[in-house]
Amino acid sequence: MEGMDLQLGRLKAAIEKAGGILCLTADHGNSDDMYEHKKDGSVAMGQTASVFFTL
C-alpha cells in the first residue's frame, strides 16, 4: 500500500500542476465474498473450495 500511496501522490502533484482534477475510484470486486458456494448455498470447505481474486 505504501508504494501505491507514493505513486498516487506523484500523479496528484502532476495533475494539479497541469490544472487538472484527480478522480480516484476503486472496485474491490469480490473481496467480501472470497469463497465458493455449493449449489445449496452453503460454503464450500476443504479441498473442494478454491479462492478467486480479482484486480
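This is a predicted model: local features need pLDDT of at least 70, side-chain atom pairs count only at pLDDT 80 or more; totals for chains, interfaces and linings use all residues.
Residues are numbered from 1 along each chain as its sequence is written, and side-chain values use heavy atoms, with hydrogens and water left out.

With a relative accessibility of 63%, aspartate 40 counts as exposed, a class that begins over 50% relative accessible area, whereas buried means under 20% and partly exposed is in between (1.4 Å probe, protein chains only). The side chain of aspartate 40 also makes a polar contact with the side chain of serine 42, at 2.6 Å; such a contact is a pair of N or O atoms within 3.5 Å, where, within protein, one must be able to donate a hydrogen and the other to accept it, and residues adjacent in sequence count only if both atoms are side-chain atoms.

## Histidine 37

Histidine 37 is likewise placed in the segment after helix H1 (2–17), and its relative accessible area of 43% makes it partly exposed. When neighbours within four places in sequence are left aside, histidine 37 is in contact (heavy atoms within 4.5 Å) with Ser42 and Ala44.

## The helix and its salt bridge

Helix H1 has 16 residues and reaches 23 Å from its first C-alpha to its last, which is close to the 22 Å expected at 1.5 Å a residue, the expected span being 1.5 Å times one less than the number of residues. Just after H1, glycine 19 takes a positive phi of about 80 degrees.

The structure holds one salt bridge, defined as a side-chain nitrogen of Lys or Arg within 4 Å of a carboxyl oxygen of Asp or Glu. The side chains of glutamate 16 and lysine 12 form it, at 2.9 Å from N to O, and because these residues are four apart in helix H1, about one helical turn separates them. Lysine 12 is partly exposed, with 41% relative accessibility.

## The chain as a whole

The secondary structure of the chain comes to one helix and zero strands, and of its 55 residues, 2% count as buried.

Methods. Helices (H or I, at least four residues) and strands (E, at least two) are DSSP runs, numbered from the N terminus.
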